Each structure stands twice: as structure tokens, then as C-alpha cells.
Amino acid sequence: MASATSSTVDARPGGTDIHLPDTARDLVKILVTGPFGVGKTTLIRSVSEIRPLHTEEQLTEASAQVDDLAGVRDKATTTVAIDFGRISLPGGIVLYLFGTPGQERFRPLWDDIAYGALGALVLVDARRIDASFDVLGLVEETGLPYAVAFNTFPDAPRHHTPDQLRAALDLEPTTPMVTCDAREADSSIDSLLALVQHLIDHRPAEHR
Amino acid sequence: MEAAALLRLPVSAVLVLAAGLVDRDLALARAPIPPARRFDPDLLKRVADGLRDLKHR
């Protein structure tokens, strides 16, 4: 698949100051991913100091024929919606959150967007565990460290134990697994903290 | 991406503009932290501390 050809973006600046101070020194990035509709945008909106900016990228099939007897034929395109938010942290750190779709067909997007990311927060819907396998596979292939957060929905089954959920997702014992309410800022921050703490605790040996 | 969203321009167009500004020394291109640095324990700790501070005071 060819990479994005063009995109338009829609900005809805919020009430807070949208410009970064000149003292911003460290730009860090965390991907927020998960199956469609799991709450990525909700979580980013809960914690972002700016209204989540929304960009739509067009992915074009490179192999599609442009000409045929009838004239120009439509290329196969997929529109990829990416939301991103920003959190300014003390000490000049700016954390960007990229809401990244987890479907297999967006793999080319992941190659670019995962570059330089600290890790990924994978949101999971306990009602649709099967829908998470694609994205977990993508994250693991990218080699990004990740944490799993179960976004709680009112009708989620309550009889699954954490061990059952961990087994259902086939997670490593060291992968953090937390629950969160993506609508709540503190809960969302706790999920991000679970990821960051995991990064601190499990750095590769040569980087200690 | 922020500039593109706020200017309501395609991201690709803003990239071309930004490249032009950098060529004329009117803008600085700053890369994201290099892959090796994402394991910097001090940076990670500062991120964690910063996030904790954000929680409902």
C-alpha cells in the first residue's frame, strides 16, 4: 500500500492556551490504540489540554490502475482517522497522545507513527475481547512496549477474573493490565501511568 | 500536525511549507526523542511524576 497522499485536518482549539512555551524541551509520544469504538478518542479528550485534533489520512492502494477504457477509475482508498492530544508536563516535557487505529490494514501507518514512541496503551473492551487480537498483534510486531487497559462499559461482563482476562488476551505476565474509565481524567492518567511505570521497570538491561 | 490542524491545511502541504522555512533558516526542525533515549530512566520518571501531578488536586 502506498503511504498517505493527502489529508485534511480539523482543529477545534479549546479554551486553554494552545501554544507551547519556548521552554518545551522534551517531546514524547505515546500511542493510544485498540479496536474501533473502544474509547481512544474519549480517553485522549479526557486528558488532553487542547481539544483533540483530528486528522484524516488517505491511504491509497499503490497497485490500483489509474486508467481504463472508461477513463479514470477510482483508486481504492481508506480513510484513516487519527486523533491526537497534548499534555504539557513539568520540566519542559510535552506528551503527545496519538489515537492509532489497530486494524491490520493500517500497518503501514504504524511503521511511521510508532517511530520514537515510548510505548502504546492498548484499550480493550471486555465485551469484545476477540476484537483486540489484531491490534495486540500489530503492537507486538512493532516492538513497542505496551500496557492493556480495559475500558469499562456498563454492560461489560463482570464474571471474568483478571487471570481469565489475561489468559484470554494471551498476555505476558509482565504486561500491565488495568481497568479504566476513559471518560474520567484521573482514571485515564492512571492507565498512562501503568504504561510509564512498566517502561521504567522493564527497560532492556543495556539501558540501565 | 498541530500547525496543519490549526491552519486548516493538509498535513502534506504544511510539511512542504515547513521544509521551506527550515531551508531558509526561519524555522528549526526538532526531531522527536531518538529511539535510544526513550529508555532514559530520568526522562521516564519525570513523565511519571508529571502525570501524577496532573491528577485531581
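Author: Strands themselves are DSSP runs of E, at least two residues long, while helices are runs of H or I with at least four, and both are numbered from the N terminus. One caution is that this is a predicted model, where local features need pLDDT of at least 70, side-chain atom pairs count only at pLDDT 80 or more, and totals for chains, interfaces and linings use all residues. Residues are numbered from 1 along each chain as its sequence is written, and chains are lettered from A and ligands numbered from 1 in the order in which they are written.

Reader: What makes β2(A) and β7(A) a pair?

Author: Nine bridges join strand β2 to strand β7 (residues 93–101) of chain A, and the two run parallel. Since the rule asks for at least two bridges, they pair. One spot to look at is A:V32, which stands opposite A:G99 in β7(A). β2(A) also pairs in the parallel sense with strand β8 (residues 119–124) of chain A, over four bridges. There, A:V32 has A:L121 as its bridge partner.

Reader: Why is β2(A) called largely enclosed?

Author: A residue is buried if 20 or more other C-beta atoms (placed from the backbone) lie within 10 Å of its own, exposed if 12 or fewer, and partly exposed in between. Seven of the nine residues of β2(A), residues 26–34, are buried, so the rest of the structure largely encloses this strand.

Reader: Which residues touch the most other members of the largest nonpolar core?

Author: A nonpolar core is a set of buried Ala, Val, Leu, Ile, Met, Phe, Trp, Tyr and Cys residues joined through C-beta atoms within 7 Å. The largest one has 52 residues, and A:I30, A:V32, A:L121, A:V122 and A:L123 touch the most other members. Helix α5 (residues 185–201) of chain A gives the most to this core, with six residues.

Reader: How do you know that A:P173 is exposed rather than buried?

Author: A:P173 has 6 other C-beta atoms within 10 Å, so it is exposed. You'll find A:P173 in the loop between α4 (162–169) and β10 (177–180) of chain A. A:D170 is in the loop between α4 and β10 too, and with 9 C-beta neighbours inside 10 Å it counts as exposed. A:D170 also has a positive phi of about 55 degrees, although it is not a glycine.

Reader: What makes the span of α3(B) agree with what a helix should have?

Author: The expected span is 1.5 Å times one less than the number of residues. For the 14 residues of α3(B) that should be 20 Å, and the end C-alpha atoms are 20 Å apart, so the two agree.

Reader: And how do you know that its buried residues line one face?

Author: The buried residues of α3(B) are B:L44, B:V47, B:L51 and B:L54. Seen down the axis of α3(B), they fall within an arc of 85 degrees (taken from the directions from the helix axis to the C-beta atoms), so they line one face. On the other side of α3(B), B:P41, B:D42 and B:D53 are exposed.

Reader: How confident is the predictor in chain B?

Author: pLDDT is the predictor's confidence in each residue, from 0 to 100. Chain B averages 75, and 60% of the residues score at least 70. Where pLDDT is low, the predicted coordinates should not be read in detail.
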